[in-house]
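Here's a quick tour of a protein model, put together for someone new to reading structures. Have the picture open while you go through the points.

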Amino acid sequence: MTGKDAAARRWSIGELARASGLTVRALRHYDEIGLLPASERTVSGHRRYTERDLRRLYRVRALRALGLSLEEIADALAGSADDLVTMRELLTAQLRDLEDQAGRIHRLERRIHGLLRQLDDASMPGPDQFMTTLEMMSVFETYFTPEQREQLAERRAALGPEAVEEARTRWTALVEELLHHVRADTPVDDPRVRDLLSRWDALGAAFHPAGERSGGTRAAAQRMWQDNSAELSRNLPWPADRMTALVAYLERARQTS
């Protein structure tokens, strides 16, 4: 419908529920809290939604998909107009979010291609490998926001595969040296330990975004390790208890510096 006929169109709550994927109960709740009140009612009290209501519902759904709470959405809509500029800004933000999702899907696609290459070599990835990958994906997504995951991915891409592989080799050597000091119970203020700690932190910093943004990803990584050290250690060549002891040893060294 176009023109005058489109402007006169009205939708029942059932039609809007089917089109939007929301339940009738959810739409009633939106009406009750003032987030999406129906502009009109029939003589028998049934809700009727107008074209303007339809645009508002689209904005609610789009903002919800971007991670805003219902309260935050209500505040955002209360302070914005229903015009071309506002709708363009919302669609641009929604498109950016979809592009971010596409990037994450592309990275997952590359992981699966790696598993397929292993299959092409007549080598079936073991159940532990699949389970570890699933756990790592779940843990990573739980502790890092989409923005932080994107920041970390951008940093790895900027470093390049050769630098990442070199860093992995250096990190392995650092772990071996530090584990030696953990076993020997070397005092954490020993200059050798201080030097290793400095190299450890510098190596880790290369994989975090620069400036103030690094604080969020560092804190998330620390929480992720504290809560999931056993699972994360499964993919490492050292026992989980030794890695846990190593991380605790480094923390003591930081506190004395």
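Let's start with arginine 10, which is partly exposed, with a relative accessible area of 29%. Keep in mind that this is a predicted model.

**Charged pairs**

- Side chains of opposite charge can pair when their charged atoms come close.
- How many salt bridges are there? The count comes to 11.
- One of them joins the side chains of arginine 10 and glutamate 40, at 3.0 Å from N to O. This pair links distant parts of the chain: arginine 10 sits in the loop between α1 (3–8) and β1 (11–12), while glutamate 40 is in strand β2 (residues 40–41), 30 residues apart.
- Glutamate 40 has a relative accessible area of 31%, so it counts as partly exposed, since that class runs between 20% and 50%.
- Arginine 41 makes a salt bridge with aspartate 31, and their closest N and O atoms are 3.7 Å apart. Here too the pair links distant parts of the chain, with arginine 41 in strand β2 and aspartate 31 in helix α3 (residues 24–32), 10 residues apart.
- Is aspartate 31 buried or exposed? Aspartate 31 counts as buried, because its relative accessibility of 13% falls under the 20% cut-off.
- Glutamate 51 counts as partly exposed at 35% relative accessibility, and arginine 55 counts as partly exposed at 29%.

**A buried arginine**

- Stay in helix α4 for a moment and find arginine 59.
- Arginine 59 is buried, because its relative accessible area is 6% and the cut-off is under 20%.
- Which residues does arginine 59 touch, leaving out those up to four places away in sequence? They are Leu77, Ser80, Ala81, Asp82, Thr86, Met87 and Leu90.

**Helix α9**

- Helix α9 covers residues 161–184, which makes 24 residues. At 1.5 Å a residue it should span 34 Å, and its end C-alpha atoms are 35 Å apart, so the two values agree.
- Which residues of α9 are buried? They are Val164, Ala167, Leu174, Val175, Leu178, Leu179 and His181.
- The cover over these buried residues includes α8 (146–159), α10 (191–205) and α12 (240–256).
- Just after α9 comes aspartate 185, which takes a positive phi of about 55°.

- The structure holds two aromatic pairs.
- Tryptophan 171 counts as partly exposed at 25% relative accessibility, whereas tryptophan 200 counts as buried at 15%.
- Tryptophan 171 also pairs with tryptophan 238, this time edge-to-face, with 5.7 Å centre to centre and 80° between the planes. That pair again links distant parts of the chain, since tryptophan 238 lies in the loop between α11 (213–233) and α12, 67 residues from tryptophan 171 in helix α9.
- Tryptophan 238 is buried, with a relative accessible area of 5%.
- Put together, Trp171, Trp200 and Trp238 form one aromatic cluster.

**Where α10 meets α12**

- The axes of α10 and α12 come within 10 Å and cross at roughly 105°. Angles from 65 to 115 degrees count as roughly perpendicular, so that is how these two helices lie to each other.
- On the α10 side, the residues that meet α12 are Val193, Arg194, Leu197, Trp200 and Asp201. On the α12 side they are Leu246, Tyr249, Leu250, Ala253, Arg254 and Thr256.

Key
Residues numbered from 1 in each chain as written. Predicted model: local features only at pLDDT ≥ 70, side-chain atom pairs only at ≥ 80, totals over all residues. Heavy atoms only, no water. Helix = DSSP H or I, 4+ residues; strand = E, 2+ residues; numbered from the N terminus. Expected span 1.5 Å × (residues − 1). Buried < 20%, exposed > 50% of the residue type's maximum accessible area, 1.4 Å probe, protein only. Contact = heavy atoms within 4.5 Å. Salt bridge = Lys/Arg side-chain N within 4 Å of Asp/Glu carboxyl O. Phe/Tyr/Trp six-rings, centres within 6.5 Å; stacked < 30°, edge-to-face > 60°. Axes fitted to C-alpha atoms, helices over the stretch in contact; angles between N-to-C directions. Parallel < 35°, antiparallel > 145°, perpendicular 65-115°, else oblique.
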